Amino acid sequence: MKTEKAMSSSTKETIAAYGFLMPNLVGFLIFTSIPVIASLGLSFVKWDLLSPAKFVGFKNFVDLFKDPFFWKYCWNTIYLMLAIPLSMGGSLILALALNQKLKGIVLFRAVFFLPTLCSGVAIYMLWRLIYNPEFGVLNSIIASFGQLIGITLNGPYWLTDETWSKPALVIMSVWQTVGGYNMILYLAALQGVPRDLYDAAEVDGANSWQKFWAVTWPQISPTTFFIAIMSVIGGFQAGFDPAYIMTGGGPNGSTTTLIYYLYNNAFQWHHMGYAAAIAWVLFLVVLFFTIVQWRFFGKTVHY
Amino acid sequence: MGKPMASSVASRLPPDGSEKAAAQDVFGGPTAARLKRRKRRQVFLRKFFAYVLLIGGALTMVGPFLWMVSTSLKEPGQVFSFQKEWWKEWLPTSFVWRNYVQAWKVVPFARFYLNSIFVAICVTFGQVATSAMAAYAFARLRFPGRDKLFFGYLATMMVPGAVTMIPVFILLRYLGWIDTYYALILPAIFTAYGTFMLRQFFLTLPSDLEDAAKIDGCSYFGIFWRIILPLSKPALATLTTFTFMGTWMNFMWPLIVLNTHHKFTLPVGLAYFQSLHHTDWTLLMAASVMMILPILAVFVFNQRFFVEGIKLTGIKG
């Protein structure tokens, strides 16, 4: 009798649970789970949305690997990820400075967060103006710096120059992310380093530099690893919004990233199957880094 | 035993050479007092450099925004002079408020605003409501297949948005929902992220209240509504803030599914505006300022939720 009662109450719980899950689960299946499978299917067909879809096997993937533009845009995507180490280094330095028990931390943290907070079309338009070669503020600064040291310095044409367009986006991206999520994660990690480790290092006569490398750095290494992997995962999918607003992917495709290429294929040229193949290549790359993260993040990275 | 005594003696002595001499007598060599003073100087130097760094950083962060505001308040012709004295340009020298009126007039900006607000509210409400319900089931109820299902959620969290984008677009096209608000709202509501975040929070709640409510014969929905939700206000506020901002800023998806100008949300509307007035910098910057202002308002009132949210999802990640 007792087990019978327990069973009925657990059945009740199951019914209630699925009731709570239902709205989210149904929506999730329709808009996420099924589309994932559908996109794999799509990557094996040729389809322009108008004529019927045609099964082509692995042709999309084969074409993709022979497509010089694909490799070029891969390179662009990886180049733009140069912003990740730069930004992370900056985030760590800012977090170390914020961790000195100073006054006004909340204010500084808020100000540093501004660019991340406002990231979007408005900020990209602002940076298009900053990079303007004739009356943008960056080249004005460069020119007056040149005057200061007595030479004529002319800033580059930034967004319209193939050599400078990618560095320009990297600089903007560092500005945008340096005081954002990563800095806050670093700050939390720094606050979690046990005080007595520093005391022990001081007893051993370590200076600030040695304390950083012997105590702080190993202690925050899980955070560093976490941020790096997450940023790389994000980096492979990034670059559409700024490029669309600031350069249109140019000049000469120098700022087109993989996601931009996918957008063009799918929604400009209606090569649906080809775009799905790009999406799946992207997915596999991201998956690889995700597995790396799962493998290592469980273990304690510091010694 | 000697060390604390020495330092207490030293602290009573006047802070000059005699202190050093007295302490040196006891130990010979670097003394507690001297070490302390050296440490104080070190701390002072460290704080000094930290401030220099932080203030420099803060200026770098704020500078572009100041330039944005000052440009938005200029006469159109003023922008086009090469600014030799750029350091004077951060603060507005003229106040041409007409730019804002003008920007508001040349494209249906008020309409973009309303569209953005409507879409952001619908997505936020839908996402918080459905995520909270699902998170409650995952965190607080026991049912067959729970862990497998949750693993499925987690796994799809890793799938790039680019993968689902194309099939969802095709699906919406079949439903005839392209260029409607449904296309903006419905796919954005159901995320694994919100469910995951709230589940993590719900797991930390103590179960005493819940057990007591169960004994009193409270239904599952009653527990969810009267106990779990009120206890989770910070997490709910965090998710609300993040979702609202994310939807407000989202550019790519509205760009893909919308065609009609008067349905545009602010980011797409702003890009459209740029395509029409490519070099009207004063107007573009005025429009940009108007897009950022609501975000700043939300941030000022909800700042702590940001930090909490980042810690909650970032560290437990």
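**Entry 1: a tyrosine in chain A**

I looked up A:Y260 and found it buried, because 25 other C-beta atoms lie within 10 Å, where 20 or more are needed for that label. I note that the model is a predicted one. I placed A:Y260 in helix α14 of chain A, which covers residues 258–268. Leaving aside residues up to four places away in sequence, I listed A:G239, A:F240, A:A243 and A:G249 as the residues that A:Y260 touches. I also checked A:Y260 against A:L21, and the two are 239 residues apart in sequence and 35 Å apart in space, C-alpha to C-alpha.

**Entry 2: positive phi in chain A**

I then turned to backbone angles. For A:L49, a residue other than glycine, I noted a positive phi near 75°, and I located A:L49 in the loop between β1 (45–46) and β2 (54–55) of chain A. Is A:L49 buried or exposed? A:L49 counts as exposed, because I find 12 C-beta neighbours inside 10 Å, and the exposed class takes in residues with 12 or fewer.

A:H270 is not a glycine either, and its phi is positive at about 55°. I found A:H270 in the loop between α14 and α15 (272–297) of chain A. With 13 other C-beta atoms within 10 Å, A:H270 is partly exposed.

**Entry 3: domains**

For chain B, the division is into domain 1 (2–96) and domain 2 (99–316). Here I looked at the contact within the chain, in which 9 residues of domain 1 of chain B meet 8 residues of domain 2 of chain B. On the domain 1 side, α3 and α4 (76–79) of chain B are the elements that give two or more residues, and α3(B) gives the most, with 4 residues. By class, that side of domain 1 has 6 nonpolar, 2 polar and 1 charged residues.

**Entry 4: chain B against chain A**

How many residues does the contact take from each chain? I recorded 73 residues from chain B and 73 residues from chain A. Among the elements of chain B that each supply at least two residues to the side touching chain A are α3 (32–72), α6 (109–140) and α16 (281–316). I noted that α3(B) gives the most to this side, with 16 residues. Sorted by class, the side of chain B that touches chain A holds 51 nonpolar, 16 polar and 6 charged residues.

Definitions and conventions: Residues numbered from 1 in each chain as written. Chains lettered and ligands numbered in written order. Predicted model: local features only at pLDDT ≥ 70, side-chain atom pairs only at ≥ 80, totals over all residues. Contact = placed C-beta atoms within 7 Å. Nonpolar A, V, L, I, M, F, W, Y, C, P; charged D, E, K, R; others polar. Domains from an automatic or database assignment.
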